[in-house]
Amino acid sequence: MSSEEAVSEGQGHVPEGPNPRDQAPQFVLPMVVRLERTEPPERTDALETAARAVLVLLSDPRAAGDGPWAEAVRQWEDARIRKVVRRARGAEWRRAEALPGITVTGKSAQVRVFPPIPLDGWPKDLARLQVSGTELIDPHPPGAPEPGGPVLWLSPSATMTAGKAMAQAGHGAQLAWWDQSDAERAAWRAAGFPLSVRTADPGRWPELLAGGTPVVRDAGFTEIAPGETVVVDGHRGLRD
């Protein structure tokens with residue numbers, strides 16, 4: 001597996017012994033970040049754009065009901081929640097944009113998200129893209145979280161490449177989506193899915209974990225040990 005892959009247990013207790021999710025067909029959600037040599041995106045913006053990309057796909061009519069992506073989304077959500085972030089530039093990016101999917105643009109980042117595919121079913125124009133070692137920086141420290149949306153707090157002790165962190169941010173956004181009613185989802189979508197991704201202060205991390213909000217627990221297959229990676233702090237921003 002790639003170092004950019006995030007495989008999540010999601011929220012709640014992880015049972016001992018064989019996980020029933022492993023018995024289901026395994027799907028993955030592909031995402032591609034545009035990474036031109038001369039204008040790379042800022043790290044935090046790339047993470048936030050990846051999180052929004054997951055939400056845009058989940059809220060798309062093609063992913064619901066009898067839509068053309070709906071069955072793939074259902075099978076993906078019935079198994080382990082896998083996301084893989086690859087990078088592309090130039091002609092690679094143009095070929096990726098030609099495939100069915102959605103491009104989400106942030107302040108400096110562009111991320112294209114595709115409907116889930118079987119683990120061994122990658123289209124050749126995505127399979128050839130580079131996976132490991134996606135590194136990005138923030139030229140300046142990120143400011144205060146954006147009002148009106150959840151904050152996805154990253155673990156201060158989990159050192160991740162940008163690609164891995166983008167996948168984890170996508171997991172957090174998905175848990176925030178599942179935690180809302182249909183009306184709340186509609187309002188969040190209408191507002192443009194405001195959210196923020198920040199690294200938690202080490203002293204506050206235990207408090208966030210104990211707060212009763214959704215928590216991403218990575219399965220530990222790539223880059224980091226199994227454990228909690230993202231806390232979704234979103235009730236006040238989404239519901240007040």
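This report walks through a predicted model, from its strands and helices to its ring pairs and salt bridges.

## Ground rules

The model is predicted, so local features need pLDDT of at least 70 and side-chain atom pairs count only at pLDDT 80 or more, while totals for chains, interfaces and linings use all residues. Residues are numbered from 1 along each chain as its sequence is written, and side-chain values use heavy atoms, with hydrogens and water left out.

Helices (H or I, at least four residues) and strands (E, at least two) are DSSP runs, numbered from the N terminus. For accessibility, buried means under 20% relative accessible area, exposed means over 50%, and partly exposed is in between (1.4 Å probe, protein chains only).

## Strand 3 and its neighbours

Let's start with strand 3 (residues 81-88). Eight of its eight residues are buried, so strand 3 is largely enclosed by the rest of the structure. Both faces are covered: Ile81, Lys83, Val85 and Arg87 are buried on one side, and Arg82, Val84, Arg86 and Ala88 on the other. Strand 3 runs parallel to strand 2, and the two pair over six bridges (DSSP must find at least two for strands to count as paired).

Two of the arginines here have side-chain partners to look at. Arg82 makes a side-chain polar contact with Gln26, at 3.3 Å. Such a contact is a pair of N or O atoms within 3.5 Å; within protein, one must be able to donate a hydrogen and the other to accept it, and residues adjacent in sequence count only if both atoms are side-chain atoms. Gln26 itself sits in the loop between strand 1 (5-8) and strand 2 (27-34), and it is buried at 16% relative accessible area. Arg86, meanwhile, has its charged end over the ring of Trp122, 4.1 Å from the ring centre. The rule for that asks for NZ of Lys or CZ of Arg within 6 Å of the ring centre and within 35 degrees of the ring normal.

Helix 5 (residues 162-178) has 17 residues and reaches 24 Å from its first C-alpha to its last, close to the 24 Å expected. That expected span is 1.5 Å times one less than the number of residues. Of its 17 residues, 16 are buried, so helix 5 is largely enclosed by the rest of the structure. Met160 is buried at 8% relative accessibility, and its C-alpha is 9.9 Å from that of Thr229, 69 residues away along the chain.

The structure holds two aromatic pairs. Rings of Phe, Tyr and Trp (its six-membered ring) pair if their centres lie within 6.5 Å; planes under 30 degrees apart count as stacked, over 60 as edge-to-face and the rest as tilted. Trp177 and Phe193 have ring centres 6.1 Å apart and planes at 65°, so they are edge-to-face. Trp177 is in helix 5 and Phe193 in the loop between helix 6 (182-190) and strand 8 (196-199), so the pair ties together parts 16 residues apart in sequence. Both Trp177 and Phe193 are buried. Trp188 and Phe193 have centres 5.3 Å apart and planes at 85°, so this pair is edge-to-face too. Trp188 is buried as well, and ring pairs link Trp177, Trp188 and Phe193 into a cluster.

## Salt bridges

A salt bridge here is a side-chain nitrogen of Lys or Arg within 4 Å of a carboxyl oxygen of Asp or Glu, and the count comes to ten. Among them, Arg198 pairs with Glu48, with the closest N and O atoms 2.9 Å apart. Arg198 lies in strand 8 and Glu48 in helix 1 (residues 43-58), so this pair ties together parts 150 residues apart in sequence. Both Arg198 and Glu48 are buried.

Arg74 and Glu71 also pair, at 3.1 Å between the closest N and O atoms. They are three residues apart in helix 2 (residues 70-78), about one helical turn. Arg74 is partly exposed at 39%, and Glu71 is partly exposed at 42%. Asp125 and Arg95 meet at 3.8 Å, N to O, linking helix 4 (residues 124-127) to helix 3 (residues 90-97) across 30 residues. Asp125 is buried at 17%, whereas Arg95 is partly exposed at 31%. Arg128 joins Arg95 and Asp125 in a network of salt bridges.
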